[in-house]
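Try each task before reading its solution.

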Amino acid sequence: MGNIYDGSFRTILNDCRQMIIPVINEIFKEDYTGNEIIEFHPNEHFFDQQDEADMERISDTNFIIYGKL
């Protein structure tokens, strides 16, 4: 069941980035204005395995919001 929510959140991050600030404000009771800079960090990691296909691991979303006064 968690994969449904993970996929939905990833869709918001990738396709609707302007919605990130309102979501963060609502979930965490913040008051970001939308003028902040958001720095995203990769969450897809590939592991080189000897004699096997590379393995992909998707970790939690990782980003920093800069600019809150």
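pLDDT is the predictor's confidence in each residue, on a scale from 0 to 100. You will want it here, as this is a predicted model.

**Exercise 1.** Find the mean pLDDT of the protein chain, and the elements with the lowest and highest mean values.

*Solution.* Start with the chain: its mean pLDDT is 78, and 77% of its residues reach 70 or more.

**Exercise 2.** Identify the residues of the largest nonpolar core, and the element that gives the most to it.

*Solution.* The core has 7 residues: Leu-13, Ile-20, Ile-21, Ile-24, Tyr-32, Phe-63 and Ile-65. H2 and S4 are the elements that give two or more residues to this core, and H2 gives the most, with 3. Now look at Ile-65: leaving out residues up to four places away in sequence, its contacts include Ile-21, Ile-24 and Tyr-32.

**Exercise 3.** Search the whole structure for aromatic pairs and describe what you find.

*Solution.* The search gives 1 pair. Phe-40 belongs to strand S1 and Phe-63 to strand S4, so the pair ties together parts 23 residues apart in sequence.

**Exercise 4.** Is Lys-29 buried or exposed?

*Solution.* First place Lys-29 in the loop between H2 and S1. Its relative accessible area is 67%, over the 50% cut-off, so Lys-29 is exposed. Its phi is near 55°, a positive value in a residue other than glycine.

How values were computed. Residues numbered from 1 in each chain as written. Predicted model: local features only at pLDDT ≥ 70, side-chain atom pairs only at ≥ 80, totals over all residues. Heavy atoms only, no water. Phe/Tyr/Trp six-rings, centres within 6.5 Å; stacked < 30°, edge-to-face > 60°. Helix = DSSP H or I, 4+ residues; strand = E, 2+ residues; numbered from the N terminus. Buried < 20%, exposed > 50% of the residue type's maximum accessible area, 1.4 Å probe, protein only. Core = buried A, V, L, I, M, F, W, Y, C linked by side-chain atoms within 4.5 Å. Contact = heavy atoms within 4.5 Å.
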